[in-house]
Amino acid sequence: MTQSWGQFKSFEGRQFKALDAEFTAEVGRLLGGQDLSACFQCAKCSAGCTVSDKVNIQVHELMRMLLFGLREVLETDMVWLCTTCYTCQERCPQGIEITDIIFGLKNMAFRKGIAPAGYLGARKGLYDTGRLYEATDWEREDLGLDPVPRLDVRDTQKMLDSTGLMKLEESED
């Protein structure tokens, strides 16, 4: 694939670093990662993927990258554009919990500071205003709506503080 819909670039022509068995082992400890080595690249996951035409690698290629220990997998669109529809997981003849692995990869990528800007903005918006998206006043005025009322976000902030979400990337080793 030469183009990508997401923010990450194509891997075409890219040289990868040496294989990292420790990374494969780390992924193997993720929820669903225990069966990672059972993947035999049948590509049924990719054939049913709802975003396969929007990403820079296919699901079966992601699985291959994991088996080869390529940390670059965290930089792929598939990690962030996966809709978590579980189609790949349901189609897998080996019963690999692919969607759960992708959830884990999102967490790993986020901790390493690899995340689309929109996710970081949504996190900040949720913390600051209690909303993922802040409509501008002119948008509401154009529709004849009253200004958006301010929300009491203290409970939301308390919850996010207790989960450590706002400090995730700071805790990376």
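1. Overall burial and fold. Of the chain's 173 residues, 35% count as buried, where buried means under 20% relative accessible area, exposed means over 50%, and partly exposed lies in between, with a 1.4 Å probe and protein chains only. This is a predicted model, in which local features need pLDDT of at least 70 and side-chain atom pairs count only at pLDDT 80 or more, while totals for chains, interfaces and linings use all residues. Residues are numbered from 1 along each chain as its sequence is written, and side-chain values use heavy atoms, with hydrogens and water left out. The chain has 9 helices and 0 strands, these being DSSP runs numbered from the N terminus (helices H or I, at least four residues; strands E, at least two). Among contacts with a separation of 6 or more, 66% are between residues 24 or more positions apart, contact being defined as heavy atoms within 4.5 Å.

2. The nonpolar core. The largest nonpolar core has 34 residues, of which Val27, Leu62, Met63, Leu66, Met78, Ile98 and Leu105 touch the most other members; such a core is a set of buried Ala, Val, Leu, Ile, Met, Phe, Trp, Tyr and Cys residues joined through side-chain atoms within 4.5 Å. At least two residues of this core come from each of α1, α3 (59-67), α4 (77-81) and α6, and the largest share, 7 residues, is supplied by α6. Methionine 63 is in contact with Leu36, Cys39, Gln41, Ile96, Ile98 and Ile101, once its neighbours within four places in sequence are left aside.

3. Helix α1 against helix α6. At what angle do the axes of α1 and α6 cross? The axes of helix α1 (residues 21-28) and helix α6 (residues 98-111) come within 10 Å and cross at roughly 120°, which makes α1 oblique to α6. Axes here are lines fitted to C-alpha atoms, for helices over the stretch in contact, with angles running from 0 to 180 degrees between N-to-C directions; angles under 35 degrees count as roughly parallel, over 145 as roughly antiparallel, 65 to 115 as roughly perpendicular, and the rest as oblique. Phe23, Glu26 and Val27 in α1 meet Ile101, Leu105 and Met108 in α6. The residues of this contact divide into 5 nonpolar, no polar and 1 charged, with Ala, Val, Leu, Ile, Met, Phe, Trp, Tyr, Cys and Pro taken as nonpolar, Asp, Glu, Lys and Arg as charged, and the others, Gly among them, as polar.

4. Just after α3, glycine 69 takes a positive phi of about 70°. In helix α2 lies serine 46, which counts as buried because its relative accessibility is 7%. Serine 46 is in contact with Ser52, Gln58, Val59 and His60, leaving aside neighbours within four places in sequence.

5. Two residues to check in the loop between α4 and α5. Most residues other than glycine have a negative phi. Threonine 84, located in this loop, has a positive phi near 55° and counts as partly exposed at 26% relative accessibility. Tyrosine 86, also placed between α4 and α5, has a positive phi near 70° and is partly exposed, with a relative accessible area of 29%.

6. Helix α7 and the segment that follows. The 13 residues of helix α7 (residues 117-129) should span 18 Å at 1.5 Å a residue, and the end C-alpha atoms are 18 Å apart, which agrees; the expected span is 1.5 Å times one less than the number of residues. Within α7, Arg123, Gly125 and Tyr127 are buried, and the buried residues of this helix pack against α6 and α9 (154-163). Is tyrosine 133 buried or exposed? Tyrosine 133, in the loop between α7 and α8 (137-142), is exposed, with a relative accessible area of 56%.
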